[in-house]
Amino acid sequence: MDVDDSAPRGGGEPPRIRRLEESVVNRIAAGEVIQRPSSAVKELVENSIDAGASTVSVAVKDGGLKLIQVSDDGHGIRFEDLPILCERHTTSKLSAYEDLQTIKSMGFRGEALASMTYVGHVTVTTITEGQLHGYRVSYRDGVMENDPKPCAAVKGTQVMVENLFYNMAARRKTLQNSNDDYPKIVDFISRFAVHHINVNFSCRKHGANRADVHSASTSSRLDAIRNVYGVSVVRDLMEIEVSDENAVDGIFTMDGFISNANYVAKKTTMILFINDRLVDCTSLKRAIEFVYSAILPQASKPFIYMSINLPREHVDVNIHPTKKEVSLLNQEHIIETIKDAIEEKLMNSNTTRIFQTQTVNSSALAQANTQKEKGTDVSTATGAKSQKIPVSQMVRTDPLDPSGRLHTYWHGQSSNLEKKSDLVSVRNVVRSRRNPKDAGDLSSRHELLTEIDSNLHPGLLDIVKNCTYVGVADEVFALIQHNTRLYLVNVINVSKELMYQQALCRFGNFNAIQLSEPAPLRELLTMALKDDESMRDENDKEKLEIAEVNTEILKENAEMINEYFSIHIDQGGNLTRLPVVLDQYTPDMDRLPEFILTLGNDVTWDVEKECFRTAAAAIGNFYALHPPILPNPSGNGIQLYKKNKDQMASGEHADNDLTSTEEDDVDQELLAEAEATWAQREWTIQHVLFPSMRLFLKPPKSMATDGTFVQVASLEKLYKIFERC
C-alpha cells in the first residue's frame, strides 16, 4: 500500500491509502532484486551451482542488456514444474521458514527468475536425466507465454534473458550511459571459478573468439587462482588457515590465500565466501587493509581469498535483496581473530622483498627517436582524401550487421553475432588460461594441426571471417555474402571440416555429453550393419560376428579414446559419454550407430598419427550437420506425410490437389516432429555453425575446387547487365 502524494498537505482531508496493483508490486520488487545485468548473471550462476552442475557457461551481449545466456549440465528442471518455474516465491530450496536456519543452497527466496521475467524476456531450455528430449518455454511477467515445446537439448538447463530492463527506461538509460557491466560479470565468474574448483566455468562476449574466463576443474585452489588471475598473482601468495573452536564465542574455520609484501596492485582484490556463499563484508575488508597499510607501499593493495565456515545457524542469509551480505553471530570476534592471524603471518614472512626489473628495448627506443626526429605524423599519412567508390563496387551490408539476413525480414530476429569490442581493459586483470592435458603435447597431434595451417586457403579464410549469413538455400546449401559477391556454401562439407579441426584443437580437453542411458556397443553395431548397403549380402550370423569383433576392438582402445576424445566406454562394452565438439551443439543421435561402426572399421589404431586423423575424421562426420532422416516437410514434401500414400501412388485423388493436403490425410504427429527437427537444424546453422565457422574454421585449399564454395552472383556483373538493358 502507498500514500497518495498528490493530495493537499494542508488542513484538508488526509490522503487515501490505496492498494497497489500486483503488476506494479512485482515490477518494483524486480527492480530491487535485479539491479543490473551482473545481478542477473550472479543469480543464474548460483542456480546452476545449486543444481549440481560441473560445467557453467556464460555468454553476454551489450553488457547483458541485449542478451544473457547461462548454460549448465546440472540436474535440469522437471516438466511438471515448468508452469510455476517463474512465479514469485516458488522454489525447491526450502518449504518452511525454519529451513533458513540450516539452508545450504545459495538461492532460497524464489524471486530471481520471476524478477527477470518482469524486466526482460526469459527463455528456458532444460532436460532431466532419462528424458529423450528437452523442453523450451518462454516467460513474461511470471507466466509462460506458451506451452513447453519439445526440442533437442544438452543435459542440464539453459536460461536466456533478452532485452533486460526493456520496460524500465530510466534504468536502461543509466546502464547504457555508464561503463559496460561486462567487467563486473567477468569479476563474478572469476570469483566463482576460484572457489568452486570442481566446476568448469567459461565467460565470453557473445560471438567472441576466446573466453575471458576459462577455468577447468582442478584439485588445487592455487591452480584455480593461477588459471583465472595469472602466474604473477600466484607467485606472491601465502596460504593461511585460522581455526577458533572456543565454545563461548562461537566456532569457525577459515582457509585461504593472502598476498605477501612483494605483491603490488592498485586495487584491493578480496574474494570472500562464507559457507560457500559469495558475499561482501566491508568491516572485514577494512580491517585487513589496515593491517597491510603498514607493510605495503602506500599506493599498493593486497589480494585476499578467504573461505569462512561457520555453523549454519550462526549465519543470517536473509538480510539483503541480492544476498550480497550476511549477518554473523559474534562478527566482531571473528574479524579480530582473522585480522590477528593475517598480521602474524605477514610479520613472519616480511623478511625479504623482491623487485621485478625489465630490460629496455634499445632498438625500439632508437626507432621511436628516429621517427620523432623526422617528424612523422601518422594522422598525416592516413588523412589523404578518400576516393569515391563506384556504386557497382559498394558493399551493401556489413558482416557484423544483421540487416542483410533473410531472417531479419521473415521473423524480425536480430543476429546472435555482436560487434567485437576491445577487451584489453578486462584481459589486463582477468587472463584467459587454457588448461590442456598432457595429451595435447603429442607430436602427432601437432603435426596434424600444422597440416591444417599449411593447407589453408587465404582467400576462403577471408570469405569465412568476413561473410554475412543470408539464409538457408536448400537441404545442403546456405547463402552468404562477402563484399559484393554472393556464395552458396555446402553446409555438410564445412561443418564436417569444422568438427574435424575442433576435434584436434580440443584434443584431450573435451567437455562431455552424458547419455541418459548406457548404449550397448553390440546393439549399435548390429543396427549399423543392418542399414549398411554393402552388408546386404551377409547373413545375420556374420553380421553378429563383425559386431562382436568391433566391440572388442573398441573395448581394447577404450582408455585411449576416452582420454583423448572423451568417448567413454565402460567395462561392459556400453557407450556412456560423447565429447562436446562445439558448445551448445548436440549431434544427431540417429547417426550414432553409423559413428560407432566407423570407429571400429575405419580408425587405424596401430599408427598414432593416422589413429588421431581417422578418429577425428569419424567425429567430424558424425557431428556434421547432415540433413535429418525425416524428409523436409516444406513445399511438396508434405505429401510424404500423407496417411493415404498408397492411394496417391496409384493415381487416386490426382485431380484434386486440395484434398491431398487436408489435415485428416496428414500424420500430424510425425509432421510436427519433422517441422521441429528441420527448424532446429536451420537455427543451428545460423546461430551455431556460422558463428563458430567464422571463429574457428581454417578452410583447406580443396574447398575452392570441390564445390563447397560456389559464387552465384556479383554486383559488378549485375550492373553490367543492367547497363545493357
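Biologist: How many helices and strands does the secondary structure of the protein chain come to?

Modeller: This is a predicted model, in which local features need pLDDT of at least 70, side-chain atom pairs count only at pLDDT 80 or more, and totals for chains, interfaces and linings use all residues. Residues are numbered from 1 along each chain as its sequence is written, and side-chain values use heavy atoms, with hydrogens and water left out. Helices (H or I, at least four residues) and strands (E, at least two) are DSSP runs, numbered from the N terminus. On that basis the protein chain has 24 helices and 25 strands.

Biologist: What percentage of the residues in the protein chain is buried?

Modeller: A residue is buried under 20% relative accessible area, exposed over 50% and partly exposed in between (1.4 Å probe, protein chains only). The protein chain has 725 residues, and the buried share of them is 45%.

Biologist: Among contacts between residues at least 6 apart in sequence, what percentage joins residues at least 24 apart?

Modeller: A contact means heavy atoms within 4.5 Å. Of the contacts in the protein chain between residues at least 6 apart, the share joining residues at least 24 apart is 71%.

Biologist: Which residues of helix 14 are buried, and why are they on the same side?

Modeller: The buried residues of helix 14 are Ser444, Arg445, Leu448, Leu449 and Ile452. They lie on the same side of helix 14 because they cover an arc of only 140° around the axis, taken from the directions from the helix axis to the C-beta atoms. What covers these buried residues includes helix 16 (491-505) and helix 21 (608-623).

Biologist: Which residue forms a salt bridge with Lys609?

Modeller: A salt bridge is a side-chain nitrogen of Lys or Arg within 4 Å of a carboxyl oxygen of Asp or Glu. For Lys609 the closest N and O atoms are 3.5 Å apart, and the partner is Glu447. The pair links distant parts of the chain, 162 residues apart, with Lys609 in helix 21 and Glu447 in helix 14.

Biologist: Which residues are linked with Lys609 in a network of salt bridges?

Modeller: Within helix 21, Glu610 and Arg613 are three residues apart, about one turn of the helix. Their side chains meet in a salt bridge of 3.2 Å, N to O. Together with Lys609, the network links Glu447, Glu451, Glu610 and Arg613.

Biologist: Is Arg191 buried or exposed?

Modeller: The side chains of Arg191 and Asp187 meet in a salt bridge of 2.8 Å, N to O. Both lie in helix 5 (residues 182-195), four residues apart. An α-helix has 3.6 residues a turn, so residues three or four places apart point the same way. Asp187 is partly exposed at 28% relative accessible area, whereas Arg191, at 14%, is buried.

Biologist: How many salt bridges does the structure hold?

Modeller: Two of the pairs named above are Arg191 with Asp187 and Lys609 with Glu447. The total for the structure is 15.
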